[in-house]
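Open the model in your viewer and keep the sequence panel beside it. Work through the stops in order.

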Amino acid sequence: MGDLVDLKQLRVSFGKGEGRTEVLKGVDVTLSRGEILGIIGESGSGKTMTGLALLRLLPQTATVTAERMDFEGSDLQSMPDRDFDELRGVSMAMVFQDPVGSFNPCKTIGWHFEHALRRTGRTEGFRDETVRLLNEVGVRRADETVSLYPHQLSGGMLQRALIALVASLQPRLIVADEPTTNLDKIIEKQVLDLFLDMRRKLDASVIFVTHDMPVAASFCHRIAVMNAGEMVEIGPTEQVFRSPRHPYTRRLIDTALELAGVKGRPKASAAHRALLEARADEPPLYKVRDLSITFRGPGKRGLFRAIDGVSFDVMPGEILGILGESGSGKTTLGRTLLRLYDPAEGSITYRGRDITHLPERRLRGFRREMQMIFQDPGGSFNPRKTIGGSLREALVAADVPASQIPGRITALLERVELQALHAERYAHEMSGGQLQRVAIARAIALNPKVIVADEAVSKLDVSVRAGVLNLLTDIQTEMGLSMIFITHDLDVARHVCDRIAVMYHGKLLEIGPTEDVFTNPATDYTRSLLAAHHNLADLIGA
Amino acid sequence: MSQSDPVSGGSRSLPARERAGYRRLMLLGGKLLSALVLLLVGSLVVFLTIQAAPGSAALSVLGEQATPEAVAAFERRHGLDQPVLVQYLAWLGNALRGDFGVSLSIASGQQISSLMASKLPTTLFLGAYALVLAIAISLVLGIYAARHRGKTGDTVATSISVLGISMPDFWLSYVLIFFFGLSLGWFPTYGYVSPFVDLPGALHAGFLPALAIAAPMAAVFSRTLRAVLLETMTRPYVTAARSFGLKPRFVFVHFIFRNALIPYLTIIGLQIRYILGGVVVVERIFGIPGMGSFMVDGAFLRDLPVLLACTVTFLAIVVLVNTLTDALCSFLDPRRSR
């Protein structure tokens, strides 16, 4: 084993002296020809660093040491920079997370291919070869694509082009750093297939860095698990997922399985069922009819319909999931329910009152009853205010008497499982999970009737995701709120929602009870979405 | 993405290649048109400002003791008794034909356009010389500092820039005259050689004034260039380019410098006005008979037509150069022009 890559005790640190921080603390990786090794772990675990260190692409401020660092039997550590430049690309190449950022914005797709192809010794016929390579990865109208600039292509197309570009170099090792994280599910599956294709054609090995465990389980031969700069476990995929040896691995898999719906759902809790039954006879909280939202298209003439004739109800006490991919209009829909956008057509009725065109000043009373939790926990707090200060703002807005505010802040923080001392902290001193808890505290400070959670857990690591999700659903049941849960994540949607609405290109394709939508989808789109989904539980037979 | 086929990666309408050229032409046309409007509005503002300034042209020409009849006759002769807007339109009409009227007090009765004919090339030469020097210095300092970030070379280059920014041009002029002119005797300290007569001589004679104008700008340019280069170096496409195994020099030229060029040029376009500000001061110090000296004389002697002609010419140069750099940036950045 390990005839291609042999890394022993790889250490990477930044800074010098006192301020030195070690981000990789002795990592061992071996890789054989044609093998796919998955490196999984949470953000900051050092999985990307491992790939960058192997290709000597770390910034100059990094110090890299290793006991052994061999590639195809030759020592990488003693290799001069000039020789390493020769090795990079044609022997080992990397596919990055952000396909849009990986291309020079001033140059055409064809230009990139020409210079990559020159690396392989080709001196002519660049255009034909580029078209051939692009066709192979399923880029349609490849002939025209060659002369386009990166900004003229979609993210999915660019990721295909990037993979074709790397394939043109015919490397024997490909390090893929979260190559599908920014892509929609359906495109993710196609891109993963491209990697398998490339591996087969080039007989290449792949180091696949990801935080998505279902993808890793379905795609990799062996799995390495990283945590805080250390490789805690490495072994065949089946063994790592079925009988993990390290407690950290076990915890990661358990949370992923919980999200995948194996260990019961909180929505099935007795309290939540009782809530739904008790309020079943009440009229809908929201009635949305034939709603359309239009925006002026960027640089285009005419209007772009972000929401196109959507009708649904939101019942009191229910969690309604809005499921869709990027650009489907799900965020716009959520914001329109708070009347942050003005509908072009249709109507929104909230508790029996038409708020479709209610003027801004009369909306204020309603907005208190509707709260929003955003995707980016860091961006939704004032960086100059303490957490306590942000909560105080919300409480003042809720007309809480000044004397009660300190007590309420503590109570709120404790309700979201934080402590009173967190009130003194600033947003940048808190982790993403903690901040999202504070965002929940801020939302419930106003005693709302409905919470719109827009991808509220998407940016959180798996291990904290379940905790925040459970907190959110607990509070929802306890306060008897309605919740609109916007997400692109099938597991999360299935985990928490009572009903699911599927959005595609601004249209509401179907709406129904969660299990109905998942087991008996009504449209082709939902079916293809489900088909592209990797279910961890099924994959490892748990 | 196509509406009908959710599973495909998506087809999209592709812009036709032949239309790109047409669109670029339209873009340039639009920019020129807006520059023209800006120039018209600007000239009106300049005209009104100069009109509103205290003092009277008649008195400064005829002397404080002039009789009211003489003043009235002078004002009638030069159309100064008309309403301001009428005066402006009359002036504009003439100016569009290249006629800026006659000088009142500097060279009484002479056509301003014929006076400017000899002064404008002098100033344009000095300005262009200063610009080329500033760009050359900033390219060397900026690229050097960015490539040696955090090392001694960076500190030295950055310190030179700070020095350049903090020195006023008139003071720097005297330092340069004292040091290179008087002590070392390498360059002349006064006067002017026409580049059309003797180019090497003109470059030699113009070096100190051009350097005095260029120094503060070179400092701003090089600091800008260093900053945008460093920023561009952290872009993911630079790491990606290295991962393809492209040569470091190639990556620097085509990925880093090429992308840093756009913000760098934008800053240069915005800083052009300081060249003209520097020209006014430096021409005076070095005794160069250009637009700057002409304008200062016009202001001191209240020769309003001269002052007006000079200011509007400077305005035209600034607007033109800004339009050109803007067009160049659009041309260099495919995201803006295609």
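The tour below goes from domains to helices.

**Before you start**

This is a predicted model: local features need pLDDT of at least 70, side-chain atom pairs count only at pLDDT 80 or more, and totals for chains, interfaces and linings use all residues. Residues are numbered from 1 along each chain as its sequence is written, and chains are lettered from A and ligands numbered from 1 in the order in which they are written.

**Stop 1: the domains of chain A**

Colour chain A in three pieces: domain 1 (1-91 + 173-245), domain 2 (101-170) and domain 3 (266-540). The bounds come from an automatic or database domain assignment. Show domains 1 and 2 of chain A; their centres, taken over C-alpha atoms, are 25 Å apart. Twelve residues of domain 1 of chain A are in contact with 13 residues of domain 2 of chain A. Contact means that C-beta atoms, placed from the backbone, lie within 7 Å.

Which helix gives the most to the domain 1 side in chain A? Select α7 (residues 185-202) of chain A, which supplies six residues. Helices (H or I, at least four residues) and strands (E, at least two) are DSSP runs, numbered from the N terminus. That side of domain 1 of chain A has nine nonpolar, three polar and no charged residues. Nonpolar covers Ala, Val, Leu, Ile, Met, Phe, Trp, Tyr, Cys and Pro; charged covers Asp, Glu, Lys and Arg; the others, Gly among them, are polar.

**Stop 2: helix α14 of chain A**

Select residues 387-397 of chain A, helix α14. Its buried residues include I387(A), L391(A) and L395(A). Buried means 20 or more other C-beta atoms within 10 Å of the residue's own, with C-beta atoms placed from the backbone. The buried residues of α14(A) pack against α15 (405-415) and α16 (432-445) of chain A. Just past α14(A), D399(A) has a positive phi of about 60 degrees.

**Stop 3: helix α9 of chain B**

Move to residues 236-243 of chain B. Seven of the eight residues of α9(B) are buried, so this helix is largely enclosed by the rest of the structure. What do the buried residues of α9(B) pack against? Show β7 (92-95) of chain A, together with α8 (199-233) and α10 (248-286) of chain B. Just after α9(B), G245(B) takes a positive phi of about 85 degrees.

**Stop 4: a helix pair in chain B**

Terms used:
Buried ≥ 20, exposed ≤ 12 C-beta atoms within 10 Å, placed from the backbone. Contact = placed C-beta atoms within 7 Å.
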